[in-house]
Amino acid sequence: MRSVEPWVTEPLERFLAESSARLTLLMTSAGQVIAQHGFTRSVDVMTAAALGAAIMASTGEIAKLVGERSFLSLVHQGARQHVYLAGFDTPRGRWIGLVVFDAESTVGLVQLFFDRLISDLAAAAPRQAPEQQVLPENFERELNASLRALFGR
Amino acid sequence: MSNPVELLERLSTVRGLRGSVLVSAADGLIVAESLMTGVDGRAVAALAASLMNRLRRATECAGRKEPVFLQLQAQSGSVLATPCGAELVLVAVAGPDANVGLARLEMLEAAGRLV
């Protein structure tokens, strides 16, 4: 398990142990990866993050069409593996969780422990977010630092 | 197949039962429930279905075929569960004063009707 934000590590490890999820990705609603577990290639995690954020954005628009603020979660059921996607608010803004699970878990277990993960993250979040000014000259350095944190290289 | 809600309500008349829940075995989600307040049905459903799936694998590996009934005794009561075919699990939450023998009979009968 690797995380850009150190305070995310403990709640996410607890979630992974309890839910038996195979792959997990936490990202911002813009698709910026916060933490990942189970992915071995950076290209996979970036693709999954971009697609997960896009799915949440498009279903959010469907939610508005039917009079909902947003859908809480959605499940893609596969033959052997399934994907659980959920958006949630944190002290650092709106995040998205993408969880891949198989026959070792169930959607009920994933939902149950994901809700606990949301509570644990809210409790573990530092009181004050670090002030960050996004500058073009910092972008590549910060991107590389995030990739090192997520993949150890 | 009988009406699940009616069967759960009948189960709740057994002395000491705090409620029961019918769970989808494959996904751990509630199909029908009749629970007293203070019992987290969603958590009971997800965890009991997971437990029953693992028990099913354990009994099959031991050559004992399908599990028939589970009584998980805790310090302040029990969790009872029985499979209803391959797709459903009937779970009951019992207090320390529960008539577990009668609950078992009623649950097995209800499970037979739910298949």
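Predicted model: local features only at pLDDT ≥ 70, side-chain atom pairs only at ≥ 80, totals over all residues.
Among the contacts in chain A between residues at least 6 apart in sequence, 53% join residues at least 24 apart. In chain B, residues 24 or more positions apart account for 53% of the contacts with a separation of 6 or more.

**Chain A as a whole**

- The secondary structure of chain A consists of 4 helices and 6 strands.
- From the N terminus on, these elements follow the order β-α-β-β-α-β-β-β-α-α.
- A compact globule with 153 residues would have a radius of gyration near 15 Å, and chain A agrees with this because its own value is 15 Å.
- Taken along the principal axes, the C-alpha atoms of chain A fill a box of roughly 45 × 35 × 30 Å.
- Of the 153 residues in chain A, 42% count as buried.
- Chain A has an accessible surface of about 8,600 Å², and carbon and sulfur atoms contribute 52% of that surface.

**Chain B as a whole**

- Chain B contains 3 helices and 5 strands.
- Along the sequence, the elements of chain B form the pattern α-β-β-α-β-β-β-α.
- For 115 residues, the radius of gyration of a compact globule would be near 13 Å, and chain B agrees with this because its own value is 13 Å.
- The C-alpha trace of chain B spans about 35 × 35 × 25 Å along its principal axes.
- Buried residues make up 45% of the 115 residues in chain B.
- The accessible surface of chain B is about 6,000 Å², and 54% of it belongs to carbon and sulfur atoms.
- Chain B has 11 positive and 11 negative side chains, with the centres of the two sets 8 Å apart.

**Helix α1 of chain A**

- Helix α1 of chain A covers residues 9-19, and its buried residues are Pro11(A), Leu12(A), Phe15(A), Leu16(A) and Ser19(A).
- Ser20(A) follows α1(A) and has a positive phi, near 60°.

**Leu26(A), in a strand**

- Leu26(A) is located in strand β2 of chain A, which comprises residues 23-28.
- Leu26(A) counts as buried because its relative accessibility is 0%.
- Although Leu26(A) and Gly97(A) are 71 residues apart along the chain, their C-alpha atoms are separated by 4.7 Å.
- When neighbours within four places in sequence are left aside, the contacts of Leu26(A) include Val8(A), Leu12(A), Phe88(A), Gly97(A), Leu117(A) and Leu121(A).
- Of these contacts of Leu26(A), Leu12(A) is also one of the buried residues of helix α1.

**Val4(A), in a loop**

- Val4(A) lies in the loop between β1 (2-3) and α1 of chain A.
- Val4(A) counts as partly exposed because its relative accessibility is 30%, whereas Leu26(A) counts as buried at 0%.
- Val4(A) and Pro91(A) are 87 residues apart in sequence, and 16 Å separates their C-alpha atoms in space.
- Not counting residues up to four places away in sequence, Val4(A) touches Val33(A), Ile34(A), Ser146(A), Ala149(A) and Leu150(A).
- Val33(A) and Ile34(A), which Val4(A) touches, are also among the contacts of Leu26(A).

**Ser78(B), in a strand**

- Ser78(B) is situated in strand β4 of chain B, which comprises residues 77-84.
- Buried means under 20% relative accessible area, so Ser78(B), with a relative accessibility of 8%, counts as buried.
- Leaving aside neighbours within four places in sequence, Ser78(B) is in contact with Gln71(B), Leu72(B) and Gln73(B), and also with Ala92(B), Val93(B) and Ala94(B).

Terms used: Residues numbered from 1 in each chain as written. Chains lettered and ligands numbered in written order. Heavy atoms only, no water. Helix = DSSP H or I, 4+ residues; strand = E, 2+ residues; numbered from the N terminus. Buried < 20%, exposed > 50% of the residue type's maximum accessible area, 1.4 Å probe, protein only. Contact = heavy atoms within 4.5 Å. Rg over C-alpha atoms; globule rule 2.2 N^0.38 Å. Areas by Shrake-Rupley, 256 points an atom, 1.4 Å probe, with all protein chains shown as cover. Lys, Arg positive; Asp, Glu negative; His and termini not counted. Charge placed at Lys NZ, Arg CZ, Asp CG, Glu CD.
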